[in-house]
Amino acid sequence: MITNTIKYVGVNDHKIDLFEGQYIVPNGMAYNSYIIEDTKTAVMDSVDINFAKEWLQNIENTLGNKAPDYLIISHMEPDHSSSITAFTNKYPDALVVATDKAFQMMQKFFETDFSARRLVVKEGDTLDLGEHKLSFITAPMVHWPEVMMTYDATDKVLFSADAFGKFGALDCEEDWACEARRYYIGIVGKYGVQVQSVLKKAAALDIQIICPLHGPVLKENLGYYLDLYNIWSSYGVESEGVLICYTSVYGNTKKAVNFLEEELKALGCPKVAVNDLARCDMAEAVEDAFRYGKIILATTTYNGSIFPFMHTFINELTERGFKNRKIGIIENGSWAPVAANTIKKMLENSKNLTFADTTVTIHSAVKTDTKEAIKNLAKEFI
């Protein structure tokens, strides 16, 4: 129960291994759906088609023989929308409420736009359920173009679509920020400007509860979650420290990274986070790059470019609007090192990046001159 008249009817998915076909989710996912009971009854979003039967049973268990009047669709990604037809088949008199763009997508997904039973809404429109007065807030590109949020002025609840969501099923205990950050940076991170716009709209509302489409309902300390979203969407620095991301073929670049880590700690760096890009969860490394303000990239020259995992990592950053960071580079090359120039070229369109004065070049193995250069690089990051 969210409030006396808002109930949870979502489901947990522990069968999934990769969310959106790429993000590792060891604790599964939650597909959230809610019911607002009033003179008119509204169901907020559907769930993944694999859980349609369970979801419809949850609705029936909550409402009994009463049929809902509305199904409100916030977002058309299939993990939230693919059970719409199952709902409309079971409740043929219920209206489907969504934006015009969402109905266009329904036509593409289901070969119908529910023209005989649809209610198109836009920014500022309201829906009167009786005691509950719902208003709609469009949130284009957070993170699809049809997205809308719904605000219930009676219970002061924001149904936030994918915003404020996280990886993980609801029956698993885990820290919110870590998996919410990985979720946000991976899925929404490119659209910081759009998120900032929605946050400004939200600031004008009296919000006491946030009901996202993934993850737990947020009822306490909302300022904490809103502040993190503001940092993430403005590409600010969340945590002090230095992030080192590296690739190493035969271990020599790794030795340089280990020496750098020791130097940074000796100089009093509050936190040194290290990711071996060939072995870590790439999404975790990307998350860290948006978390810390100082990043050192260490990699080998490979086929006249850089090692594939580093190449992928930098692409992941630039695709998400990476900016506002200080960057250091360690390159390795036995005969023609080009990693530093390649990295700078890949990052040339990223805004407000400052590159360290020291670029460390390893010629095959770490030697005395390499260590001196690493010491100088470390001093630039304290």
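Mentor: Helices (H or I, at least four residues) and strands (E, at least two) are taken as DSSP runs, numbered from the N terminus. This is a predicted model, in which local features need pLDDT of at least 70 and side-chain atom pairs count only at pLDDT 80 or more, while totals for chains, interfaces and linings use all residues. Residues are numbered from 1 along each chain as its sequence is written, and side-chain values use heavy atoms, with hydrogens and water left out.

Trainee: What does β18 pair with, and in which sense?

Mentor: Strand β18 (residues 292-302) pairs with β20 in the parallel sense over 7 bridges, pairing being assigned if DSSP finds at least two bridges between two strands. Within that pairing, lysine 294 has lysine 326 of β20 as its bridge partner. On to the next pairing: β20 and strand β21 (residues 353-362) are also joined in the parallel sense, over 7 bridges, and there lysine 326 has threonine 354 of β21 as its bridge partner.

Trainee: Why would you call β20 largely enclosed?

Mentor: Strand β20 (residues 325-332) has 7 of its 8 residues buried, so the rest of the structure largely encloses it.

Trainee: Switching topic, what about antiparallel pairings, say β11 and β12?

Mentor: Strand β11 (residues 126-128) and strand β12 (residues 133-138) pair in the antiparallel sense over 3 bridges, with leucine 127 standing opposite leucine 134 in β12. The two strands form a hairpin with 4 residues between them, and glycine 130 in the turn has a positive phi of about 130 degrees. Strand β12 also pairs in the antiparallel sense with strand β13 (residues 148-152), over 5 bridges, and the bridge partner of leucine 134 in β13 is aspartate 152.

Trainee: How many salt bridges are there?

Mentor: The count comes to 17 salt bridges, each being a side-chain nitrogen of Lys or Arg within 4 Å of a carboxyl oxygen of Asp or Glu. One of them joins glutamate 287 to arginine 181, with the closest N and O atoms 2.6 Å apart. Glutamate 287 lies in helix α9 (residues 282-291) and arginine 181 in helix α5 (residues 176-188), so this pair ties together parts that are 106 residues apart in sequence. Both glutamate 287 and arginine 181 are buried.

Trainee: Which residue does glutamate 372 form a salt bridge with?

Mentor: Glutamate 372 forms a salt bridge with lysine 375, the closest N and O atoms being 3.7 Å apart. Both residues lie in helix α12 (residues 368-380), 3 residues apart, which is about one turn of the helix. Glutamate 372 is partly exposed at a relative accessible area of 42%, and lysine 375 is also partly exposed, at 29%. Separately, Glu179, Arg182, Asp281 and Glu284 are linked in a network of salt bridges.

Trainee: Last one, how many aromatic pairs are there?

Mentor: There are 22 aromatic pairs, counted when the ring centres of Phe, Tyr and Trp (its six-membered ring) lie within 6.5 Å, with planes under 30 degrees apart counted as stacked, over 60 as edge-to-face and the rest as tilted. Among them, phenylalanine 109 and phenylalanine 110 form a tilted pair, 6.1 Å centre to centre with 40 degrees between the planes, whereas phenylalanine 110 and phenylalanine 114 form an edge-to-face pair at 6.3 Å and 65 degrees. Phenylalanine 109 is partly exposed at 40% relative accessibility, while phenylalanine 114 is buried at 7%.

Key: Buried < 20%, exposed > 50% of the residue type's maximum accessible area, 1.4 Å probe, protein only.
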